[in-house]
Amino acid sequence: MFDDFFTRAIIAGVGVALVAAPLGCFVVWRRLAYFGDTLSHAALLGVAMAFLLELNITLSVFIVCGAVALALVFLQRNATLSSDALLGLLAHSSLALGLVALAFMTWIRIDLMGLLFGDILAVSVADISVIYLGGAAVLAVLALIWNPLFAATVNHEIAEAEGQKPDRTNIIFMLLMATVIAISMKIVGVLLITALLIIPAATARRFARGPEQMAIIAALIGAAAVVGGLFGSLNWDTPSGPSIVVAAMVLFLLSLSPVAGLLLRNRAVLPGEKP
Amino acid sequence: MLNPSEPLVSLKNVGLEKSGRWLVRGIDLQVRSGEIVTLIGPNGSGKSTTAKLALGIHQPDEGEARRASGLKVGYVPQKISVDWTLPLTVERFMRLTRRLSSADIKQALAATGIAHLASAEVRNLSGGEFQRAMLARVIAARPDFLVLDEPVQGVDFAGEIALYELITKIRDDLGFGILLISHDLHVVMAATDQVICLNGHVCCKGSPDAVAESAEYRNLFGDRAAASLAIYQHNHDHTHLPDGSVRHADGSVTDHCHADDGHHHDDGGHEDPVGAAVRNRQETDHV
């Protein structure tokens, strides 16, 4: 079944969505949307570095994104600029640096559109194994730090006073973000990864009564958006990344419609929840 | 296990500096099991900063902050807001940093008077209800050391008395060491073992005197309430003037009060009639 490029794309895309959505919940709760953007812009610099140093692209993107995330933590502690100014500075300098570096390497022909917007044709069996192995590792680490990370999200000082070590947890979370961006770049492209993090989580918010529930619902919505978007992409010959994001947006709009409101009211009681 | 003879937390001559200014300096403080230590002082006097030094959220720039090893801490910070994007019920909030049994959660919520709100979303709570939920959370976790930073803000007056009584009761029943912050200079609990008055440094400390016989308090709070309230009376040897300078008992004026000064009062600082009444009475006493 891996012979069909489309099947490969669906498997890869669903894998990415299942990992991105739970992390995306934290992006929404912690108001880190712009941070996600910054990391994905830095991913392009990672691609340039991979060609320059002949590294594996996923690995190189992870290293650059991780470095940018740590640079941000360091700058936030020591600089006199606000976080959003620092993020803008890091995002656009790394994007520009990446584009300039790619332009210099005239001996390489790169499908820039594929990098920016994703390319379903390019998904190989090796990519799928990277997504599933990397994704499983990300989810395992996230499950381990879930409680301290959530406590730090609700209130940093309570978490710190009560022994949850929020600073360490935050750094681990940032590295998880870097990993997700590295493995999902091929499917949605660097410009739209943040959408895959945020839109399913935003859609799930209305239906969720607790943080764990929101993460699971977001993962399912993300997977549905990937399947819908890729079918659309195949049908109408549109780029895969934007098609997935459009599908996610449609699901979000549906969740705001009266039909969803009716569903919300008549919803069966989910396990672990009091009526 | 904790050694009962050791203090849970001790600060020795602790100071914290931020951009060239000492937020607090020369703080000495100890909290033992079963003891309630209350910090009072005007706005900006370093009460919350001192609490954060005791909790280890801030590291001191001078002096020494020590916590007993294995200390289980509960913290009710001043004024936190929960982001409205968080799907968080009161019950899940109770489990934020610790595993708790449903029975413990139910009991703590009942004790703080919000048993009916267990499955309510935190963002829909009123200020007073949220404050009760925060208190319930730390009580249910049964910590060794509890820091309560203005724990009754936004709570209605009857509730305020009930919560202070609850805090005293849990100290008696469960033996927590409690560091309590109040900006009410005049209202501290009768059960407080030690009151520390801060104004960037420790102005004075000691045990609070009962105020049950004070006619003003009886009139204001009623007989029953007066029994659980106390006033901390002390002599003022310097006065903070509106421009920030300090007039001492001998009539001299300086820019700041000195570490060896005793208690002070603000000429323009009291906004409440009770404080003003108390101050006026005390000033009459001086004459």
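# Briefing on chains A and B

Of the 287 residues in chain B, 40% count as buried, a term that requires 20 or more other C-beta atoms within 10 Å of a residue's own, with 12 or fewer making it exposed, anything in between partly exposed, and C-beta atoms placed from the backbone. Please keep in mind that this is a predicted model, where local features need pLDDT of at least 70, side-chain atom pairs count only at pLDDT 80 or more, and totals for chains, interfaces and linings use all residues. Residues are numbered from 1 along each chain as its sequence is written, while chains are lettered from A and ligands numbered from 1 in the order in which they are written.

**Chain B**

- The secondary structure of chain B comprises eight helices and 16 strands, taken as DSSP runs (helices H or I, at least four residues; strands E, at least two) and numbered from the N terminus.
- Among contacts in chain B between residues at least 6 apart in sequence, 66% join residues at least 24 apart; a contact here means C-beta atoms, placed from the backbone, within 7 Å.
- Gln153(B) sits in the loop between β6 (145–149) and α5 (157–174) of chain B.
- With 14 other C-beta atoms within 10 Å, Gln153(B) is partly exposed.
- From Gln153(B) to Gly63(B) is 90 residues in sequence and 31 Å in space, C-alpha to C-alpha.

**Where chain A meets chain B**

- On this interface, 20 residues of chain A are in contact with 19 residues of chain B.
- On the chain A side, the elements giving two or more residues are α1 (5–29), α6 (125–154), α7 (156–161) and α10.
- The largest share of that side, five residues, is supplied by α7(A).
- By class, the chain A side has ten nonpolar, four polar and six charged residues, where Ala, Val, Leu, Ile, Met, Phe, Trp, Tyr, Cys and Pro count as nonpolar, Asp, Glu, Lys and Arg as charged, and the others, Gly among them, as polar.

**Helices of chain A**

- Helix α10(A) (residues 211–236) has 26 residues, so at 1.5 Å a residue it should span 38 Å, and its end C-alpha atoms agree at 37 Å apart; the expected span is 1.5 Å times one less than the number of residues.
- Just after α10(A), Asp237(A) adopts a positive phi of about 55°.
- The axes of α3(A) (residues 57–78) and α4(A) (residues 83–104) come within 10 Å and cross at roughly 150°; axes are lines fitted to C-alpha atoms, for helices over the stretch in contact, with angles from 0 to 180 degrees between N-to-C directions.
- Residues making this contact include Leu72(A) and Leu75(A) of α3(A) and Leu86(A) and Leu90(A) of α4(A).
- The residues of the α3(A)–α4(A) contact divide into seven nonpolar, three polar and no charged.

Technical notes
Contact = placed C-beta atoms within 7 Å.
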